[in-house]
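Dear colleague,

I am handing over the structure below, followed by notes on what was found in it. Please read the notes with the structure open.

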Amino acid sequence: MKAFEKAAESVARAVLQCDRVVVVSHDDADGISSAGLICNALARSGIPFQARLTQRLSADIVEDLEPPIVFCDMGSGQPDVVSGIKGEVFVLDHHRPVGSLDCVSLNPHNFGIDGAFEMSASGVVYSVVRKMGDNRDLAGLALVGAIGDRQAMIGANRLILEEGLAAGAVEVRPGLKMAEDGEISKVFERSIEPLLDFTGDPERVRAFLREVGVDGKVEDLRGESLTRLSTALVLKLLMQGSFAADSVIGEAIRLKREVVENAFELVLLLNACGRLERPGVGLTLCLRDSSALPEARRIAEDYRKEILAGIDLLRRNNKEMENIRYLIAENLHGGGVIAGLGIRYLYTDKPLVVLNNRDGTVRVSARGNRPLIRRGLDLSVALRQAAESVGGKGGGHSIASGASIPPGTEEQFLLKLNEIIGGQLKR
């Protein structure tokens with residue numbers, strides 16, 4: 001961490017020398033919060049900026065942009081795109097590097113820090129912005145990015161959490177990691193995280209809560225009531241075949257400086273804005289403009305419906321090969337979210353792959369879990385190799401990765417992916 005922080009300080013000094021900056025970032029919760037961090041720091045430093053949020057980094061995204069450019073949550077896996085830019089470029093990313101970059105780059109993997117589990121892109125960006133001035137009040141945004149990427153509060157993330165606590169930017173208490181505050185019954189009826197077999201069924205939700213003997217508001221749960229409900233949820237998840245209790249129960253993080261207090265709600269809002277192609281609304285929230293909150297919540301409601309429809313499609317149409325489970329779909333919003341929910345709560349035995357044919361490209365989202373990782377699964381390698389075998393591109397993390405492949409190559413891609421993952425799991 002000392003070497004990483006020294007490198008972050010060097011990046012911060014270089015960024016502060018820029019007379020303007022273009023920020024290019026991913027459009028999920030980690031990417032949008034990363035953009036929010038650097039844009040807040042630039043604004044406080046009096047440096048003009050513009051921001052572009054995108055799902056995929058490609059040459060056409062950057063061809064009309066004039067450096068200096070700061071890439072957040074992308075770039076490490078696209079050295080061909082980044083290296084083609086003439087001018088000052090910074091890559092602040094946590095994805096496993098592919099090839100080499102000929103620009104300023106900060107990536108935890110290069111310092112022995114696991115970017116898949118203990119430092120998100122927003123954590124990388126926070127390490128830079130905290131050296132650009134007294135920006136410790138922004139620590140909550142770094143944690144939002146980590147939560148959005150399903151990371152635990154360990155390693156570097158724990159250090160950011162402790163700094164946020166000391167700065168009064170966040171509070172932590174035992175509780176449920178629910179993306180909504182309010183009456184427990186209403187929250188559980190609408191919940192997509194956790195995804196329970198009674199989600200969307202008011203009568204079954206009320207029957208479950210009566211049996212547990214719990215009512216009131218989620219954010220007010222304490223003591224025996226919290227213990228009873230937590231125990232019941234763990235048992236419920238185990239009966240569903242899920243081992244994702246740590247996704248539901250544990251440290252409930254409250255944001256004391258952001259436009260919403262519930263960190264898990266802000267994750268939902270940012271993901272919704274990104275997936276429904278309104279990432280600018282999410283960035284506005286990260287810039288602490290509460291006027292965007294009503295619109296963000298309307299977007300989140302549409303997103304919730306889209307995700308539940310996608311989960312229903314997954315339940316009905318998923319197929320299996322020896323080493324993978326997959327869904328082929330068209331025009332989905334949030335294929336990665338559906339894959340993640342599916343492997344956490346529905347199908348835990350094999351890596352889950354969602355192929356989504358949209359806008360003339362098949363976008364692939366693959367998710368694993370820790371037991372599969374311990375057996376040798378590395379989706380970053382598997383998706384990159386399988387995608388390249390059909391003329392596409394892929395990469396990401398060992399536990400969560402993505403790719404883009406040409407339409408018509410789905411079957412060939414799946415066969416190759418099944419073969420590669422079979423080799424990994426048999427080691």
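A salt bridge here is a side-chain nitrogen of Lys or Arg within 4 Å of a carboxyl oxygen of Asp or Glu. The model is predicted, so local features need pLDDT of at least 70 and side-chain atom pairs count only at pLDDT 80 or more, while totals for chains, interfaces and linings use all residues. Residues are numbered from 1 along each chain as its sequence is written, and side-chain values use heavy atoms, with hydrogens and water left out.

Salt bridges

The whole structure holds 33 salt bridges. In one of them Glu-277 meets Arg-358, with the closest N and O atoms 2.4 Å apart. Glu-277 sits in the loop between α11 and α12 and Arg-358 in strand β10, 81 residues apart. (Helices, H or I of at least four residues, and strands, E of at least two, are DSSP runs numbered from the N terminus.) Glu-277 is exposed at 52% relative accessibility, whereas Arg-358 is buried at 10%. (Buried is under 20% relative accessible area, exposed over 50%, partly exposed in between, with a 1.4 Å probe and protein chains only.)

Glu-301 and Arg-190 form another salt bridge, at 2.9 Å between the closest N and O atoms. This pair links helix α13 to helix α8 (residues 184–190) across 111 residues. Both partners are partly exposed, Glu-301 at 24% and Arg-190 at 25%.

Helix α12 (residues 279–286) has 6 of its 8 residues buried, so it is largely enclosed by the rest of the structure. The buried ones are Pro-279, Val-281, Gly-282, Leu-283, Leu-285 and Cys-286. Their cover includes α2 (29–44), β2 (49–54) and α13 (293–317). After α12 comes Arg-288, with a positive phi near 65 degrees.

Helix α17 (residues 410–425) has 16 residues and should span 22 Å at 1.5 Å a residue, which agrees with the 22 Å between its end C-alpha atoms. (The expected span is 1.5 Å times one less than the number of residues.) Among its buried residues are Phe-413, Leu-417 and Ile-421.

The parallel sheet

Five strands form an open sheet in the order β2-β1-β3-β4-β5, with parallel pairing. (Two strands pair if DSSP finds at least two bridges between them.) The edge strands, β2 and β5 (104–106), each pair on one side only. Strands β3 (residues 69–72) and β4 (residues 89–92) pair over 4 bridges, and Val-70 has Phe-90 in β4 as its bridge partner.

Regards

Technical notes:
Contact = heavy atoms within 4.5 Å.
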